[in-house]
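Let's take a walk through this one together, charge pairs and contact surfaces included. Have a look at the sequence and structure first.

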Amino acid sequence: MELNYTAADEAFRAEIRTWLNAHLPADLQAKVLGHRRLSKQEFLSWHKTVAAKGWVAPGWPVEWGGTGWTPTQKHIFDEECAGAGTPQIMPFGIAMVGPVIMRFGNEGQKRHYLPRILDGTDWWCQGYSEPGSGSDLASLKTRAERRGDKYIVNGQKTWTTLAQHADMIFCLVRTDPEVKKQEGISFLLINMKSPGITVRPIVTMDEDAEVNEVFFDNVEVPVENLIGEENKGWTYAKYLLGHERTGIARVGGSKRELAFLKSVAAEQQVDGKSLMQDMRFASKVADLEIELMALEMTVLRVVSAESHAAAQGKGGPGPEASLLKVKGTEVQQRLTELMVEAIGPRALPFHVDRFDDPAKGEAIDPLAAYYFNYRKTSIYGGSNEIQKNIMTQMILGL
Amino acid sequence: MDFAFSEEQTQLRDALRRYLSQQYTFEARKKIIHGSGTSDAAWTGLAELGLMGVPVPEPYGGFSGTGVDMLVVMEELGRGLVVEPYFATAVMGAAFIKHGGSDAHKTALLPNVADGSLKLACALTEKQSRHELHNVMLSGTAQGNDARRSAAPDNGFSLNGSKTVVLHGAQADKLIVSARTSGAARDKSGITVFVVDKAAAGVTVHDYRTIDGMRAADVTLVNVGVGRDAVLGKVDEGYALIERVAQVGVAALCAEAVGCMAAINEQTIEYLKTRKQFGVVIGKFQSLQHRAAEMFMEFEQARSLAYLASVKVDSADAGERARAIHAAKVRAGRAIRFVGQSAIQMHGGMGMTDELAVSHFFKRISMIEATLGDTDHHLAAFAALGSVQENTTAQAAALTA
Ligand SMILES: Cc1cc2nc3c(=O)[nH]c(=O)nc-3n(C[C@H](O)[C@H](O)[C@H](O)COP(=O)(O)OP(=O)(O)OC[C@H]3O[C@@H](n4cnc5c(N)ncnc54)[C@H](O)[C@@H]3O)c2cc1C
């Protein structure tokens, strides 16, 4: 066991850090660090900056524009980006549909879509969940009927993150309603500008507009937009869910938020001292920090196992991704909880008009909204209950 | 021992619940929140039910209601998610006048509180004070020669400084303001409480929404002159009054939280019984069943101590009062977090939406946790009572006697 990074890893880290220092625009960084809401343009401009450097898809094979980094290097890159406060690279293209197209798409699809994902030409969104199909995704009802060289799609998707920005949506649709539910599903790529698509925003409890309902009314989709074989969509969807999972623990982001929490708490007073000198509060922060330390080591163990597996030509992490998701989101949520606790009654003001600009108001302004927003992390991406079901079945054999 | 509510209390509860379910629907409330923030019609409606008179003593036009009467009212206002300035005016404001006002104050103000024609707000919190209501820097300077002092009228004070998160500050006619009249920022002595006209020269009020759908304000006072007759209680000894009123406020907030949690639990159980996944209602999944059972237990434990606080808040025994109040807020705080978070989680994506009431209840109770001292604040205060051990021994003795 060797728990230090190699000199080469450290040099790699330094290279990433230097580049981020030089290329991450200060205003964008301030927004991310200040928990402000980013526009489509802001996400895209950062995507393009990273893409121009060739680092936007570290998980992809080199031939399609990947970096050829080791799992450890990928981890270091994620950590450095999170620590610096870069905008998130949207996962829907790079981490989700890209790998599916690469693995199951035909040559034409690869040549058309992959470069556009890489350079940010197409903004993708994920059309899986439906009103009646959340945890039980396989029960989905959105129907695609083949007519000649087209599919006619009718139905509804929901909770579609940032669909209002999207050019393309990848959908699970039902192509055969007669068979077992997992066996009648296909994976379709649909242009969001198609006639018959309506996007309706869902307002969340923090009054943000990050999710939507997407309605399909006789939407015509060319058959060449089908990925792989008809009725094999569930296999592709599962492949996607198992891909690139070590990032879901978000250790880098939580480390940054831990530092932020401490800085906010240090400015609060209790008993004439700083809140960080208050044993009750400091102990809670310490508890959380210890949990995060453990999580980081757990992630590194998974990364290391991945490196060994990769060296033997085997695939990525399996059901242990569920552990990372549950513990990762618990840490993220606890961080927001303690931020709200730290600021006491000043959590109440809801200056939503200031959420787009860190120059407006104070650093504490968005924290209560951030707390409420982050309740989502234990719900989406397979709820934490579903993750626990996966662990009990796949790991514990219960 | 009898935990039953009186006939009058039951009637009040029924009448209020009926009024709110008909006139103060979730949709109506949404319009209010995104409009001016409060509703004159609802205020009139609540006044007609006699609600503002409940805490006001009979000689001043009220009903001399007890802590338990207030519990009944606050539980229902919680259940109805009411965003009107009842807590600011009838709970906190009225308590300041009742416990600290002179006869003249009571005669001038309380009848107008009781009939709904006067709204009050309490300006206690400052940016640096967090949960410490004795952390007061807004200054009250007695009359004298320099610029600030000369703003003070004969025998009076000049007030300078800022308050923040003043609940319903902009909707109030009068502000009850804590000021530092002597000593250092965190001294418990040297604080004086004043009644200030919101329209007085030098008063600026900046209104904003709070995340739980209410309104609050930042209040700035610049050379605001007030006479001796504006003082509630005694000069430099205002902190005892503030603490007393905060107890009334905490008891009311715990009751409101109980009302909110009752609604949250009902809505969550209903959701568990209707939402289907994997071909069954999700209430069939044992992990969710256990979580629902925990919510139920949290709620009942919080409710028990809210009841205790509602009885003890009127007690003449300061030690007994403090003990019950701190305990109730701590227990409510624990329940709030668990019940609120569990409700959202078990609603899945729907729990995240602005559309369902459950997220609004969750936001409200979470902000109750941040108001008038959070769990840790009251836990420390309870521990500092120092008499935990003695009390337990005394109670044990009483039980075995
Ligand atoms: C902010 C946000 C963004 C999202 N973005 C997207 C997106 O871009 N694209 C997309 O397709 N989807 C997206 N989702 C949807 C998300 O994947 C679903 O919300 C999630 O799968 C849960 O489904 P549900 O909301 O229908 O809840 P339900 O499945 O109805 O679950 C309700 C509750 O029951 C529990 N439960 C369900 N089944 C079981 C079981 N067998 N055992 C124990 N407990 C169970 C759940 O854990 C949950 O607590 C997003 C959701 C949110 C909140």
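Which residue forms a salt bridge with A:K262? The partner is A:E289, and the closest N and O atoms are 2.7 Å apart. A salt bridge here is a side-chain nitrogen of Lys or Arg within 4 Å of a carboxyl oxygen of Asp or Glu. The pair links distant parts of the chain, with A:K262 in helix α8 (residues 251–266) of chain A and A:E289 in helix α9 (residues 279–311) of chain A, 27 residues apart. Helices are DSSP runs of H or I with at least four residues, strands are E runs of at least two, and both are numbered from the N terminus.

Some ground rules before going on: this is a predicted model, where local features need pLDDT of at least 70 and side-chain atom pairs count only at pLDDT 80 or more, while totals for chains, interfaces and linings use all residues. Residues are numbered from 1 along each chain as its sequence is written, chains are lettered from A and ligands numbered from 1 in the order in which they are written, and side-chain values use heavy atoms, leaving out hydrogens and water.

Back to that pair: A:K262 is partly exposed, at 29% relative accessible area, and A:E289 is partly exposed at 29% as well. (Buried means under 20% relative accessible area, exposed over 50%, and partly exposed in between, with a 1.4 Å probe and protein chains only.)

Now try A:K31 and A:E42, whose side chains meet in a salt bridge at 2.9 Å, N to O. A:K31 sits in helix α2 (residues 26–33) of chain A and A:E42 in helix α3 (residues 40–53) of chain A, so the bridge ties together parts that are 11 residues apart in sequence. A:K31 counts as buried at 8%, and A:E42 counts as buried at 19%. Over all chains, the count comes to 50 salt bridges.

What happens between the chains? Contact (heavy atoms within 4.5 Å) takes in 47 residues from chain B and 47 residues from chain A. Together the chains bury about 4,100 Å², 57% of it on carbon and sulfur atoms; buried area is the accessible area (1.4 Å probe) that two parts lose on being put together, summed over both. On the chain B side, B:R130, B:I211 and B:M352 lose the most area to chain A, together 19% of what that side buries. Six salt bridges run between chain B and chain A, including the one where A:E341 and B:R337 meet at 3.0 Å, N to O.

Finally, look inside chain B, which is divided into domain 1 (7–114), domain 2 (120–236) and domain 3 (241–394), with bounds from an automatic or database domain assignment. The centres of domain 1 and domain 3 of chain B, taken over C-alpha atoms, are 22 Å apart. Their contact takes 19 residues from domain 1 of chain B and 30 residues from domain 3 of chain B. About 2,100 Å² is buried between domain 1 and domain 3 of chain B, with carbon and sulfur atoms giving 73%. Two salt bridges cross that interface. In chain B, B:K30 pairs with B:D354 in a salt bridge, the closest N and O atoms being 3.3 Å apart.
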